[in-house]
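Take a look at the chain below. Then read on for a short tour of its parts.

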Amino acid sequence: MKNKVWNLPAPVAIPEGLTEAGYAPLLAAVLAVRGYTTAEEAAALLDDGPWELCDPMLIPDMDRAVRRIRLARERGELVAVYGDYDVDGITASCLMAEYLQSLGLKTEIYIPDRLEEGYGVNDGAVRLLHDRGVSLIVTVDCGITAVEQTALAASLGMDTIITDHHECQARLPEAVAVVDPKRPDCVCTDRELAGVGVAFKLACALDGDGKAMLSRYADLVALGTIADVMPLMGENRRMVRAGLDKLHTNPIPGLDALMALSGVEKRNVTATAVGFTLAPRINAAGRLGRTSLALELLLEKNSSRAIGLAEELCGMNHQRQQMEAEIWEQTSRMMAGKVPTGPIVLAGEGWHPGIIGIAAARLSETYSVPTVMISLDGEQGKGSCRSFGDFNLFDALAYCHSLLDAFGGHALAAGLNIHRANIDAFRRALQEYYVSHPPHEDEGLTLELEITDPALLTLESVDALQALEPFGSGNPRPNLCMLDCRLSSAVPIGGGKHVRLRLEKFGQSYDCVWFSHPIERLAARRGDQVDVAFYPQISEFRGRRTVQLVLLDLRRTDAATLCRQALAGRTGAGQGLTRTELGRLWRSLARSSPIHLGVGRLAGIEPGLNPMQIALGLRVLSELGLALVQTDGQEVDVTLIAREGKADLMQSVTWRRYHK
């Protein structure tokens with residue numbers, strides 16, 4: 001397992017245009033870091049005013065899909081909506097089926113059993129639908145690779161409309177329409193739609209009133225888009241914001257009941273709550289082979305019946321959590337003492353195929369390598385794969401295709417079917433591809449902004465960050481840092497699973513919490529100087545609102561690291577370094593130059609200055625040619641350079657930055 005690498009931010013100057021436009025300091029700083037430096041640019045990102053949906057007819061084959069569905073209505077045909085068993089597929093299925101039924105079409109939903117049929121369109125399902133009298137299949141969130149199944153449907157006299165958002169392969173299915181914004185000939189400006197987003201676009205094309213459709217289906221679109229980790233920028237951002245507003249004001253009965261039972265407050269529902277609280281509960285139905293329960297919940301119009309369905313779904317999610325814990329315990333034992341240098345490929349008897357993807361994701365994060373978990377049943381195995389960094393899983397599986405019965409998915413997550421006898425060869429082939437296509441180094445913990453002014457962490461300033469919601473892929477929650485804080489207290493909470501801390505900085509105290517981090521693992525003691533990575537939030541308790549820092553990482557302040565950051569210009573600290581303090585530092589160095597310092601001894605040079613001030617002072621002296629400062633590993637060497645006359649501090653770029 002790797003320790004987190006911190007990528008510290010460069011200093012940022014808050015543009016006057018943002019503060020003059022009324023943006024709070026912290027929001028203005030984050031906007032500036034993300035490239036929104038003018039009031040006009042910020043408004044274009046944050047404005048909730050009137051806007052237009054992208055024309056759905058710009059997606060290839062949308063016109064053909066519309067004509068065929070209208071023909072089905074005229075003929076009174078039976079239509080099957082064929083979906084997927086994850087949250088995106090379930091929400092897309094409900095949206096499409098509900099809308100087609102509202103047009104008067106006889107419609108049924110078919111979602112393959114995750115355990116018996118696996119992902120995507122399969123021959124058996126096509127034949128079954130034909131036997132039921134279906135003459136038109138509309139896929140949602142799947143079908144882009146169903147070349148043979150589409151041909152089978154045609155041979156049985158059935159038409160197929162494909163709506164999908166996955167990557168297209170060289171050969172497309174010969175369907176009546178293939179509606180996928182990932183097609184090379186798509187001219188849409190926003191092509192990163194979820195499966196539910198593509199289904200929504202088809203409904204918009206059929207209805208002709210996109211805003212009315214969004215008012216009707218925004219909560220379903222938001223749920224599927226967030227759960228499928230689509231970039232929350234552009235049209236996705238707007239649709240998700242509309243969905244969060246609908247969840248707050250007028251959610252469908254099923255989601256209203258699920259929020260109430262899972263503790264999500266309607267008055268303050270966020271994308272994070274949707275992704276980490278609502279989505280897993282709906283996913284649990286598909287993982288355990290009970291997709292029908294999730295469909296019933298989302299289609300239910302009666303609030304009382306919705307509560308009963310939501311209770312059953314929450315119970316199923318608890319069962320999923322227990323099974324996940326058992327699999328994780330087994331995989332942890334299998335990995336004990338191992339330090340993988342390439343992809344992890346584990347296979348086990350009796351692992352639930354619907355749960356192994358969660359374990360694969362945890363292993364991937366723990367060991368920083370791609371992971372494949374395979375559930376064995378006799379001679380057959382079903383695998384779930386999760387990537388790490390920028391390693392392209394889909395391309396890797398394509399390289400190993402001769403050893404697989406089937407595979408599909410994305411660059412970051414995929415699934416496969418494999419014979420037991422081929423697992424060892426697959427493990428070697430995957431390692432071979434990994435070596436020849438090594439991923440770039442993991443970027444580590446990227447921090448957008450260093451807090452160097454207490455005005456950035458006031459209640460009003462932190463509260464203003466809500467304007468950036470919804471947070472998610474493409475629009476991440478701002479991760480910040482403070483360096484050289486004093487740890488004044490740390491106490492365990494939550495039965496020892498978490499820790500509550502208090503930090504001192506700028507002459508103020510900050511309450512912090514670090515979830516899923518027992519106090520025994522805290523790499524610092526009371527009184528230590530520490531650096532913290534965190535995101536700020538507003539904590540509400542008994543009507544009182546305060547700022548709370550949710551920690552992502554904590555480390556003891558490292559002298560050599562501070563020097564390297566200061567010399568590279570990667571710290572915004574030091575506004576408190578005065579001419580007098582710089583003089584004291586110079587005199588302290590003069591008494592012992594050259595000086596060699598190990599970890600933690602930076603503060604010992606001049607007791608009146610903190611390590612960050614000293615590091616910044618060394619940078620000023622280095623820029624003026626008064627000192628040679630070298631760092632090697634965790635060591636610092638400082639040698640003063642003799643020169644005649646007085647130095648002009650304004651010749652130092654660093655000094656000018658903080659003393660204009």
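## About the model

This is a predicted model, in which local features need pLDDT of at least 70 and side-chain atom pairs count only at pLDDT 80 or more, while totals for chains, interfaces and linings use all residues. Residues are numbered from 1 along each chain as its sequence is written, and side-chain values use heavy atoms, with hydrogens and water left out.

Helices (H or I, at least four residues) and strands (E, at least two) are DSSP runs, numbered from the N terminus.

## Two helix pairs

Two packed helices are described by the angle between their axes and the distance between the axes. Axes are lines fitted to C-alpha atoms, for helices over the stretch in contact, and angles run from 0 to 180 degrees between N-to-C directions. Angles under 35 degrees count as roughly parallel, over 145 as roughly antiparallel, 65 to 115 as roughly perpendicular and the rest as oblique. Contact means heavy atoms within 4.5 Å. For residue classes, Ala, Val, Leu, Ile, Met, Phe, Trp, Tyr, Cys and Pro count as nonpolar, Asp, Glu, Lys and Arg as charged, and the others, Gly among them, as polar.

Start with helix 8 (residues 195–207) and helix 9. Their axes come within 9 Å and cross at roughly 170 degrees. The two helices are therefore roughly antiparallel to each other. From helix 8, Val196, Phe200, Ala203, Cys204 and Asp207 take part. They meet residues of helix 9 including Met213, Leu214, Tyr217 and Leu220. The contact of helix 8 with helix 9 divides into nine nonpolar, three polar and one charged residue.

Now compare helix 12 (residues 271–287) and helix 14 (residues 303–335). They pack at an angle of about 75 degrees, with axes 8 Å apart. Helix 12 and helix 14 are therefore roughly perpendicular to each other. Helix 12 brings Pro280, Arg281, Ile282, Ala284, Ala285 and Arg287 to the contact. Helix 14 brings Leu313, Cys314, Met316, Asn317 and Arg320. The residues of this contact of helix 12 with helix 14 are seven nonpolar, one polar and three charged.

## A buried strand

Is strand 4 (residues 134–140) enclosed or open? Seven of its seven residues are buried, so strand 4 is largely enclosed by the rest of the structure. Buried means under 20% relative accessible area, exposed over 50%, and partly exposed in between (1.4 Å probe, protein chains only).

Two strands pair if DSSP finds at least two bridges between them. Strand 2 (residues 78–82) runs parallel to strand 4, and five bridges join them. Here Ala80 has Ile137 of strand 4 as its bridge partner. Five bridges also join strand 4 to strand 5 (residues 159–163), again in parallel. Val140 stands opposite Thr163 in strand 5.

Strand 4, helix 7 (residues 147–155) and strand 5 form a right-handed β-α-β unit. Right-handed means that, with the strands pointing away from the viewer, the path from the first strand over the helix to the second runs clockwise.

An open sheet of five strands has the order 7-8-9-11-10, with mixed pairing. Strand 7 (344–349) and strand 10 (406–409) stand at the edges, each with a single partner strand, so one side of each has no neighbour in the sheet. On average, neighbouring strands of this sheet are turned by 15 degrees against each other, direction ignored.

Strand 8 (residues 371–377) and strand 9 (residues 380–386) run antiparallel, joined by seven bridges. Leu376 stands opposite Gly381 in strand 9. Helix 14 lies across strand 7 and strand 8, at about 125 degrees to strand 7.

Val229 lies in the loop between helix 9 (210–227) and helix 10 (234–249). Its phi is near 55 degrees, a positive value in a residue other than glycine. Val229 is exposed, with a relative accessible area of 56%.

Phe506 sits in the loop between strand 15 (498–505) and strand 16 (508–514). Phi of Phe506 is near 60 degrees, also positive in a residue other than glycine. At 31% relative accessibility, Phe506 is partly exposed. Which peptide bond is cis? The bond from Glu469 to Pro470 is, with omega near 5 degrees. Pro470 lies in the loop between helix 18 (459–463) and strand 14 (480–493).

## One buried leucine

Leu582 is found in helix 20 (residues 579–592). At 5% relative accessibility, Leu582 counts as buried. Leaving aside neighbours within four places in sequence, Leu582 is in contact with Leu577, Gly617, Val620, Leu621, Leu649 and Trp655.
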